[in-house]
Amino acid sequence: MKKMTDLKFVASSLQQVSTTQLLDKILESAVAANASDIHIEPQEDGFRIRFRIDGVLQEVVKLPLENYHNLLSRIKLLARMNLNVSDRPQDGRFTLTILNRHFDFRVATLPLVHGESLVLRLLEQEARFFTLSELGFHPKIEQAIEEAIRRPTGMILTTGPTGSGKTTTLYALLNELNRPDVKIITLEDPIEYKLPGLVQSQVSHKEGFGFVEALKGALRSDPDIIMVGEIRDLETAEIALQAALTGHLVLSTFHANNAPATLLRLVEIGVKPHLLSGSINLIIAQRLVRKVCQNCKELQPVDRTIVDYLKSHFPKLAIPKALYRGKGCDQCAGTGYRGRTAIGEILVPTPELENLLIQRASSLTVVQYARQINPWTLEYDGILKALEGVTTLEEVFRVARE
């Protein structure tokens with residue numbers, strides 16, 4: 001199976017299989033390459049297949065359009081989608097065993113000019129849970145998280161864009177908190193991982209059972225800890241914050257660019273500022289950076305412009321003349337990277353920050369004050385990892401530069 005990690009080999013294989021075998025080969029190749037998503041996109045002269053590997057899309061192959069329609073129909077049938085609907089998005093799912101591993105596939109379609117695009121998210125049913133120490137956070141951040149989850153009440157928010165590892169972090173925290181004497185209820189859309197000992201509830205907006213309804217029901221079920229998959233609106237935010245103030249530990253995710261921006265975004269959606277400093281134990285902003293491939297890493301000189309940037313922005317850092325980079329090999333599909341690790345920044349809301357929000361201070365003022373409290377930014381955390389040889393400076397700047 002080693003060749004299946006070579007995308008050129010995969011492309012050649014997909015060009016040679018029959019139409020009936022095409023989907024099986026695509027799924028098998030994606031699993032072997034440790035892809036998180038499969039993108040199938042029709043174009044004027046064919047359709048392309050791309051895999052998202054370690055957070056980055058990589059084009060695998062372009063195939064004739066005559067193969068596309070059969071592939072589309074088969075996936076729709078598996079995912080129990082309406083075959084006759086092509087003018088609006090659809091969602092579905094199916095389960096298959098690939099290479100002796102059991103996967104749930106979440107499928108989303110989107111109408112395009114030349115047909116419907118398909119995105120398949122791969123979720124392994126027996127995926128191993130990361131411990132907090134395995135996420136890759138700096139010991140300083142890990143210690144702050146440990147202190148926050150040991151408090152019996154309050155809220156812990158993980159923030160970042162889609163694909164930044166927020167849910168993985170929450171499950172690592174739940175794994176730490178999971179004990180027989182504690183009742184943990186999770187409200188998820190969808191349930192991505194099944195963790196023994198938890199009471200897990202599937203939210204369904206189509207059935208009128210959204211996060212608001214689920215959260216109200218969960219609070220009547222005598223929980224100690226509640227995990228809300230995502231805070232999307234004011235009502236969910238207010239109920240979750242009130243729960244954090246009244247005897248529950250609440251974990252959730254939120255979409256914001258960094259830790260200070262989380263407070264600004266919460267106020268923007270209508271949360272009253274006086275609720276924030278008393279209810280939120282910790283905000284964790286995070287990204288995932290690709291790690292240097294250990295099979296092909298080599299020392300390379302640091303670009304002069306990068307050295308100048310680091311010296312001007314981080315004058316206390318010692319910048320070496322050379323750092324590790326991957327030159328590309330079969331094991332990393334020629335990218336020079338293999339696997340990912342987390343970088344992060346944290347913020348504990350203070351009364352002073354709350355007052356700035358009440359006074360409607362500018363976002364720049366809020367961010368600047370937050371940086372005075374904790375100057376440890378996502379970018380700084382990533383740079384430290386690059387200097388240790390875990391990742392590269394280019395990768396850090398790609399995902400973390402503000």
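The largest cavity in this predicted model has a volume of about 40 Å³. The structure holds 1 cavity of 30 Å³ or more. The lining of the largest cavity is made up of Ala259, Pro260, Glu345, Ile346, Leu347, Ala370, Arg371, Asn374 and Trp376. At least two of the lining residues come from each of H8, E15 and H12. The greatest contribution is that of E15, which gives 3 residues to the lining.

Helix H12 deserves a look of its own. This helix spans residues 363-373, and Val366, Ala370 and Arg371 are buried within it. Seen down the axis of H12, these buried residues fall within an arc of 135°, so they line one face of the helix.

Arg360 is found in the loop between H11 and H12, and its phi is near 60°, a positive value in a residue other than glycine. Arg360 has a relative accessible area of 62% and is therefore exposed. A positive phi, again near 60° and again in a residue other than glycine, is found at Asn34. Asn34 sits in the loop between helix H2 (19-32) and strand E1 (35-43). With a relative accessible area of 52%, Asn34 is likewise exposed.

A loop residue in another setting is Thr391, placed between helix H13 (378-387) and helix H14 (393-400). Thr391 counts as buried because its relative accessibility is 1%. A polar atom of the Thr391 side chain lies 2.6 Å from the backbone oxygen of Arg290. Arg290 is also among the residues that Thr391 touches, leaving aside those up to four places away in sequence; the others are Val289, Val292, Tyr324, Tyr337, Gly382, Lys385, Ala386 and Val396.

Turning to the cysteines, a search of the whole structure finds 0 disulfides. Cys293 is in no disulfide, and the nearest cysteine sulfur, that of Cys296, is 3.7 Å away. For Cys296, the closest cysteine sulfur is in Cys329, at 3.7 Å, which is too far for a bond, because a disulfide requires sulfur atoms within 2.5 Å. Cys293 counts as buried, since its relative accessibility is 1%. Cys296 counts as buried too, with a relative accessibility of 4%.

Definitions and conventions: Residues numbered from 1 in each chain as written. Predicted model: local features only at pLDDT ≥ 70, side-chain atom pairs only at ≥ 80, totals over all residues. Heavy atoms only, no water. Buried < 20%, exposed > 50% of the residue type's maximum accessible area, 1.4 Å probe, protein only. Helix = DSSP H or I, 4+ residues; strand = E, 2+ residues; numbered from the N terminus. Polar contact = N/O pair within 3.5 Å; in protein donor to acceptor, adjacent residues only side chain to side chain. Contact = heavy atoms within 4.5 Å. Arc of directions from axis to C-beta. 1 Å grid on protein atoms, 1.4 Å probe; cavity = no way out; pocket = protein on both sides within 12 Å on 5 of 7 lines; lining within 4 Å. Points joined across faces, edges and corners; volume = space filled by probe spheres on them.
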